[in-house]
Amino acid sequence: MREALGEAERAAAAGDVPVGAVVVFRDRIIGRGRNRKEVLKDPTAHAEILALRRAAHERGTWRLTGATLYSTLEPCTMCAGAMVNARIDRLVYGLADPKTGAAGSVYDIVRSPWLNHRLEVVAGVLADDVERVMRGFFDHLREERA
């Protein structure tokens with residue numbers, strides 16, 4: 001999770017909302033991502049999506065069975081759906097997202113009984129550290145706009 005937090009800090013430094021993600025397979029990071037929506041002008045450039053793309057490329061397959069995705073923020077519906085489609089085994093996230101979270105807060109896409117795959121979910125890992133980074137980012141944005 002500390003690696004994902006580092007990615008989140010790099011996203012913030014580039015002007016994007018500080019979300020970071022890493023995909024781990026057999027105790028090795030095979031994909032990294034950080035929010036790049038602003039930088040790339042791409043609404044799908046979420047940390048989790050970019051990490052999944054890199055992991056699939058690294059493994060040479062879209063099936064990421066056996067992998068764990070670590071994300072600093074609870075994934076949105078798009079990212080949660082991508083994790084289900086990628087057959088990720090486990091999601092570990094830091095901070096819950098009460099507005100758009102899709103791993104139990106607002107929706108529970110990753111454990112939906114109607115989908116063909118479900119993930120194990122571990123929530124709250126380094127949540128205080130993630131909240132500190134998020135709060136700093138949004139406080140800075142408000143100061144700039146004032």
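**Legends to close-up views of a predicted model**

View 1. Leaving aside neighbours within four places in sequence, Val121 is in contact with Leu91, Tyr93, Ala103, Val110 and Arg111. The model shown here and in the other views is predicted. Val121 belongs to strand β5. Is Val121 buried or exposed? Val121 has a relative accessible area of 18%, and a residue counts as buried under 20%, so Val121 is buried. The view also takes in Arg90, which stands 31 residues from Val121 along the chain, while the C-alpha atoms of the two residues are separated by 5.9 Å.

**View 2. The whole protein, as a guide to the close-ups.** The protein has 5 helices and 5 strands. Read from the N terminus, these elements follow the order α-β-β-α-α-β-α-β-β-α. The radius of gyration is 14 Å, close to the 15 Å that the globule rule gives for 146 residues, so the protein is as compact as a globular protein of that length. Along the principal axes, the C-alpha atoms fill a box of roughly 50 × 30 × 25 Å. Of the 146 residues, 47% are buried.

**View 3. The surface and the charges of the protein.** The protein exposes about 7700 Å², and carbon and sulfur atoms supply 50% of this area. The charges comprise 22 positive and 20 negative ones.

**View 4. The largest nonpolar core.** This core holds 34 residues, and those that touch the most other members are Val23, Leu52, Leu69, Met83 and Ile88. Two or more residues come from each of the elements β1 (20-25), α3 (47-59), β3 (67-73), α4 (77-86), β4 (90-95) and α5 (127-145). Apart from this core lies another one, of 6 residues, including Ala4, Val22, Val24 and Tyr70.

**View 5. Ile88 and the residues around it.** Which residues does Ile88 touch, not counting those up to four places away in sequence? They are Val23, Leu52, Leu64, Ala67, Thr68, Leu69, Met83, His117 and Leu119. Among these partners, Val23, Leu52, Leu69 and Met83 are, like Ile88, members of the largest nonpolar core that touch the most other members.

**View 6. Glu58 in helix α3.** Glu58 is located in helix α3. With a relative accessible area of 45%, Glu58 is partly exposed. When residues up to four places away in sequence are not counted, Glu58 touches Arg28 and Ile30. Val122 lies 64 residues from Glu58 in sequence, and the distance between the two residues is 25 Å, C-alpha to C-alpha.

**View 7. Lys37 in helix α2.** Helix α2 covers residues 37-40 and includes Lys37. Lys37 counts as partly exposed, at 34% relative accessibility. Not counting residues up to four places away in sequence, Lys37 touches Asp16, Asp42, Pro43, Ala45 and His46. Arg63 stands 26 residues from Lys37 in sequence and 25 Å from it in space, C-alpha to C-alpha.

**View 8. Two loop residues with positive phi.** Arg26 is found in the loop between β1 and β2 (28-34). Its phi is near 50 degrees, a positive value in a residue other than glycine. Is Arg26 buried or exposed? The relative accessibility of Arg26 is 72%, and a residue over 50% is termed exposed, so Arg26 counts as exposed. Leu126 lies in the loop between β5 and α5. Phi of Leu126 is near 55 degrees, again a positive value in a residue other than glycine. At 23% relative accessibility, Leu126 counts as partly exposed.

**View 9. Ser112 in the loop between β4 and β5.** The loop that holds Ser112 runs between β4 and β5 (120-123). Ser112 is buried, and its relative accessible area is 12%. Glu9 stands 103 residues from Ser112 along the chain, and the C-alpha atoms of these two residues are separated by 31 Å.

Methods
Residues numbered from 1 in each chain as written. Predicted model: local features only at pLDDT ≥ 70, side-chain atom pairs only at ≥ 80, totals over all residues. Heavy atoms only, no water. Helix = DSSP H or I, 4+ residues; strand = E, 2+ residues; numbered from the N terminus. Rg over C-alpha atoms; globule rule 2.2 N^0.38 Å. Buried < 20%, exposed > 50% of the residue type's maximum accessible area, 1.4 Å probe, protein only. Areas by Shrake-Rupley, 256 points an atom, 1.4 Å probe, with all protein chains shown as cover. Lys, Arg positive; Asp, Glu negative; His and termini not counted. Charge placed at Lys NZ, Arg CZ, Asp CG, Glu CD. Core = buried A, V, L, I, M, F, W, Y, C linked by side-chain atoms within 4.5 Å. Contact = heavy atoms within 4.5 Å.
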